[in-house]
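Please read the following briefing alongside the sequence and the coordinates. It moves from the overall fold to individual residues.

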Amino acid sequence: MPIVHRQSGFDFKINTDDHEPMHVHVWHQGNLLIVDFETEVEVRNNYGFNRNEARRAVRIVSEHQETFQTRWREIHQ
């Protein structure tokens, strides 16, 4: 699963053989947050993130949504 972005201690990864809708796996200190970003940016699953960490991760995905969409398309051509 390639890392498509790193910021503030978060690793944002898009799996090469993953399914739609567009989403990113966000890793931070061994915890996982899955964030959809195809239309609206929203948390799908939270495995260990506290509320503040999840908000920061969602904010980063929102700020880079177009870049994540471009990377998703490149990876899933």
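Helices (H or I, at least four residues) and strands (E, at least two) are taken as DSSP runs and are numbered from the N terminus. Read in that way, the protein chain follows the pattern β-β-β-β-β-α-α along its sequence, with a radius of gyration of 11 Å, close to the 11 Å that the globule rule gives for 77 residues, so it is as compact as a globular protein of that length. The radius of gyration is taken over C-alpha atoms, and the globule rule is 2.2 Å times the number of residues to the power 0.38. This is a predicted model, in which local features need pLDDT of at least 70 and side-chain atom pairs count only at pLDDT 80 or more, whereas totals for chains, interfaces and linings use all residues. Residues are numbered from 1 along each chain as its sequence is written, and side-chain values use heavy atoms, with hydrogens and water left out.

**Overall dimensions and burial**

- The C-alpha trace of the protein chain spans about 35 × 20 × 20 Å along its principal axes.
- Of the 77 residues of the protein chain, 42% count as buried, where buried means under 20% relative accessible area, exposed means over 50%, and partly exposed lies in between (1.4 Å probe, protein chains only).
- Among contacts (heavy atoms within 4.5 Å) between residues at least 6 apart in sequence, 39% join residues at least 24 apart.

**The hairpin of β1 and β2**

- Strand β1 (residues 3-7) and strand β2 (residues 10-13) run antiparallel and are joined by four bridges; two strands pair if DSSP finds at least two bridges between them.
- Two residues lie between the strands of this hairpin, and S8 takes a positive phi near 55° there.
- Q7 stands opposite F10 in β2, and F10 is buried, with a relative accessible area of 0%.
- Leaving aside residues up to four places away in sequence, F10 touches H5, V26, W27, H28, F49, E53, R56, A57 and I60.
- F10 and R73 are 63 residues apart in sequence, and their C-alpha atoms are 22 Å apart in space.

**Helix α1**

- Helix α1 (residues 51-63) has 13 residues and reaches 18 Å from its first C-alpha to its last, close to the 18 Å expected at 1.5 Å a residue, the expected span being 1.5 Å times one less than the number of residues.
- The buried residues of α1 are E53, A54, A57, V58, I60 and V61. They cover an arc of only 160° around the axis, which puts them on the same side of α1; the arc is that of the directions from the helix axis to the C-beta atoms.
- These buried residues of α1 pack against β1, β2, β3 (23-28), β4 (31-36), β5 (42-47) and α2 (65-75), while the face of α1 turned away from the buried side carries the exposed residues R51 and E63.
- N50 caps the N-terminal end of α1, with a side-chain oxygen 3.0 Å from the backbone nitrogen of N52.

**H23 in strand β3**

- H23 has its place in strand β3 and is buried, with a relative accessible area of 1%.
- The side chain of H23 reaches the backbone oxygen of P21 at 2.7 Å, and a polar contact of 3.4 Å joins the side chains of H23 and H25.
- A polar contact is a pair of N or O atoms within 3.5 Å; within protein, one must be able to donate a hydrogen and the other to accept it, and residues adjacent in sequence count only if both atoms are side-chain atoms.
- Not counting residues up to four places away in sequence, H23 touches I14, D18, I34, V35, D36, F37, R44 and W72.
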